[in-house]
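Hello,

Here is the structure for you to look over. My notes come after it.

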Amino acid sequence: MRRLAALSLLAALTLSACGVQMTPASREPGGVAAPSETAQSVTPLDQLDVLADPATYQGSSTATLHIEGLAAPASAPSQALPVTVTSHDRSGDRQVTVTDASRVVAIDIAGSIADTIWALGLSDALVGHDVAASYPGSELTPVITGNGHSVNAESVLELKPTLVITDGSVGPTSAIDQLRDAGVTVVYVENVSSFDGAAQLARDVSQVLGAPDAGETVAASLAKQVDEVRAQVAAIAPAKPLRMVFLYLRGSASVYYVFGEESGADQLIEALGGLDAAGEAGIKGSQPLTDEAMLSTDPDVILVMTDGLSSVGGVDGLLADFPAIALTTAGENRRVVDMADTQILSFGPRSAAVIDGLARAIYAPGS
């Protein structure tokens, strides 16, 4: 099953808690369509006062959402069930008939499935979701994964779900099998970590829910938003692309990875008008962070998750722990850009907003 294997692997390696949280999550609401500023007050990227030479800028930046992602429709779309779909189980594809989508649990490592259901206008059916989901109102729905991103079948069954939609990135698989054995309809969807993958996820999830037209609408809107923001980025990015690298950091578990080609980070860097330095150096997927890897990529900008950067003691701690990073152009300029863990590689309804927020932090940090 195609998925951002790097994130799934690292979550398994670094997150140790296995309890299941069955109470509403204590997160700030509105992660998908709640920007940090009102849409009316946000200056478009191509109208910002950008850096004359972003390659020589010194200092770190935190990227936040400034524009809205997709908005859920005013009313829920009509659904036609039953529907038979292909479930991409780890053991192989199987045909599954969905007869009841009134009580849905969505499970994936990045929260993309639940957020997509919200964008389709069908979030009222969600009775449980993973901890990474952050659609408006998600804080009122039970979280069924703990800090260890694990599922407890018995706790999920207490929610009386009629349908579970997952991509296999959260396990254990035996727990998902237990749900199916208990009579719950389970559908595995493919979830490719890319902008095209996010659009396809909308189509696939809408098929499962019996609302294919809504999926086509969301897919088209997402692609349109991403294309519009990418065009704005192209207008402000330098002719010589900045060399960018995405690092996955978990200091508490001493786990450090660099993400390269086919990791999802390459898609994000390309959208930001940058050059994927890890991919250029021949790094595919994810590999442990080494001095050799850092020196071979020599990035101008390092992208990280906010909590990951905090786990190593911020920029000072990162440079102290990895002297090789300090020798790169990004290290010498302390050019580290962080963004919330649930946003930076989420690929979903907030895709355009993520690109926009990162572009502001990279090319116009003063904005």
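This is a predicted model: local features need pLDDT of at least 70, side-chain atom pairs count only at pLDDT 80 or more; totals for chains, interfaces and linings use all residues.

Residues are numbered from 1 along each chain as its sequence is written, and side-chain values use heavy atoms, with hydrogens and water left out.

The largest nonpolar core holds 75 residues. (Such a core is a set of buried Ala, Val, Leu, Ile, Met, Phe, Trp, Tyr and Cys residues joined through side-chain atoms within 4.5 Å; buried means under 20% relative accessible area with a 1.4 Å probe, protein chains only.) Ile-117, Ile-165 and Leu-209 have the most contacts inside it. Helix H15 (residues 351-363) gives the most, 9 residues. Helices are DSSP runs of H or I, at least four residues, and strands are E runs of at least two, numbered from the N terminus. Another core, of 23 residues, lies apart and includes Val-245 and Ile-283.

H6 (residues 212-236) packs on H15 at about 15 degrees, axes 8 Å apart. Axes are lines fitted to C-alpha atoms over the stretch in contact, with angles from 0 to 180 degrees between N-to-C directions. That makes the pair roughly parallel (under 35 degrees).

H2 (residues 112-119) has 8 of 8 residues buried, so the rest of the structure largely encloses it. Its cover includes strand S4 (104-107), helix H5 (195-208) and H6. Just after H2, Gly-121 takes a positive phi of about 90 degrees.

Best wishes

Conventions:
Buried means under 20% relative accessible area, exposed over 50%, partly exposed in between (1.4 Å probe, protein chains only). Angles under 35 degrees count as roughly parallel, over 145 as roughly antiparallel, 65 to 115 as roughly perpendicular and the rest as oblique. Contact means heavy atoms within 4.5 Å.
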